[in-house]
Amino acid sequence: MTIGLIIQARTGSTRLPNKTLLLVDKKNSVLSSVLSQVKHSALVDKIVVATTNLPSDDRIVDLVNTLKINYFRGDEQDVLDRFYHCAKKFNFSIIVRITSDNPLIDPEIIDKSIKKMYEMKCNFVTNCFPRTFPQGTEVEIFDFTTLEKIWNDATLLEDREHVTKFIYKHPEIFTIYNIQSKKQIPNMRWTVDTLDDLTFVKAIFSKIHKSPILTNDILN
């Protein structure tokens with residue numbers, strides 16, 4: 001059984017163009033920081049960056065090749081299809097979904113979520129249903145059977161663009177386990193979606209010189 005972590009990444013952001021490749025410090029981009037963080041997961045077997053077939057995303061492929069990370073290229077809009085074929089190609093039994101705009105994703109939350117997946121024997125584990133963790137720490141985990149089901153059943157564009165939205169909309173079909181934060185801090189934010197977000201994240205990286213940077217490090 002292979003646990004695969006798939007990071008969806010593209011350069012076509014509208015609010016903050018090319019945000020995936022913008023620098024958070026002198027050396028590291030948003031995406032390379034995501035990769036640096038998730039490498040500290042003790043339970044993930046393989047990491048793959050799933051980007052688009054667009055020529056503009058050749059830069060993402062160049063970056064992950066430099067970092068010796070696996071990649072997969074697929075449809076720009078149908079991200080669900082991209083995830084499905086990526087997981088199928090790498091023969092993943094369990095899929096961890098991470099987005100490329102969370103450079104401070106916490107590997108301890110990832111491992112805790114994976115453990116819950118096995119412990120609860122559910123279809124889907126998340127930490128944002130409802131949200132109690134800071135924005136920028138989102139983790140979603142599902143097995144390949146669940147991924148294949150939503151790939152077959154989801155027909156609406158919004159459900160295929162957002163990968164797991166179909167699951168959230170149908171709790172009567174799927175067994176969902178939500179991980180709660182003891183500190184209940186959903187309004188805190190260290191994702192990168194705007195220039196202000198990037199400025200804040202840069203400040204964190206300038207003050208905390210360790211790897212990985214954990215949620216408690218930021219709170220402290």
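Analyst: Start at Ser100. A polar atom of its side chain lies 3.1 Å from the backbone oxygen of Gln8. That pair is a polar contact: N or O atoms within 3.5 Å, where within protein one atom must be able to donate a hydrogen and the other to accept it, and residues adjacent in sequence count only if both atoms are side-chain atoms. This is a predicted model, in which local features need pLDDT of at least 70 and side-chain atom pairs count only at pLDDT 80 or more, while totals for chains, interfaces and linings use all residues. Residues are numbered from 1 along each chain as its sequence is written, and side-chain values use heavy atoms, with hydrogens and water left out.

The side chain of Ser100 also has a polar contact with the side chain of Thr20, at 3.4 Å. Ser100 sits in the loop between strand S4 (94-99) and helix H4 (107-120). Helices (H or I, at least four residues) and strands (E, at least two) are DSSP runs, numbered from the N terminus. Ser100 counts as buried because its relative accessibility is 6%; buried means under 20% relative accessible area, exposed over 50%, and partly exposed in between (1.4 Å probe, protein chains only).

What surrounds Ser100, leaving aside neighbours within four places in sequence? Its contacts (heavy atoms within 4.5 Å) are Ile7, Gln8, Ala9, Arg10, Thr20, Val30, Leu31 and Val34. Lys19 is 81 residues away along the chain from Ser100, yet their C-alpha atoms are separated by 9.0 Å.

Ala9 and Arg10 lead on to Thr51. Both touch Ser100, and both touch Thr51. Thr51 lies in strand S2. With a relative accessible area of 1%, Thr51 is buried. Other residues that touch Thr51 include Ile60, Val61, Phe72, Gly74 and Arg82.

Asp57 is also a contact of Thr51. Asp57 is placed in the loop between strand S2 (46-52) and helix H2 (58-66). Its relative accessibility is 1%, so Asp57 is buried. The side chain of Asp57 makes a polar contact of 2.7 Å with the side chain of Thr11. Beyond four places in sequence, Asp57 touches Arg10, Thr11, Thr51, Thr52 and Arg73.

Now cross to another site. Asp57 and Asp106 are 49 residues apart in sequence, and their C-alpha atoms are 26 Å apart. Asp106 has a side-chain polar contact with Thr215, at 2.9 Å. Thr215 belongs to helix H9 (residues 215-219). It counts as buried because its relative accessibility is 8%. Apart from residues up to four places away in sequence, Thr215 touches Asp106, Ile109, Pro134, Thr137 and Trp190.

Next, the backbone. Most residues other than glycine have a negative phi, and most peptide bonds are trans. Two peptide bonds here deserve a look. Ser211 and Pro212 are joined by a cis bond, with omega near 0°. Pro212 is in the loop between helix H8 (195-207) and H9. The bond between Phe129 and Pro130 is cis as well, with omega about 5°. Pro130 falls in the loop between strand S5 (124-126) and strand S6 (140-143).

Lys68 has a positive phi of about 60°, in the loop between H2 and strand S3 (70-74). Its relative accessible area is 75%, so Lys68 is exposed. Lys121 has a phi near 50°, in the loop between H4 and S5. Lys121 is exposed because its relative accessible area is 71%.

Finally, the whole chain. The protein has nine helices and seven strands. Its radius of gyration is 16 Å, close to the 17 Å of the globule rule for 220 residues, so the protein is as compact as a globular protein of that length. The radius is taken over C-alpha atoms, and the rule is 2.2 Å times the number of residues to the power 0.38. The C-alpha trace spans about 45 × 45 × 30 Å along its principal axes. Buried residues make up 53% of the 220. Of the contacts with a separation of 6 or more, 71% join residues 24 or more positions apart.
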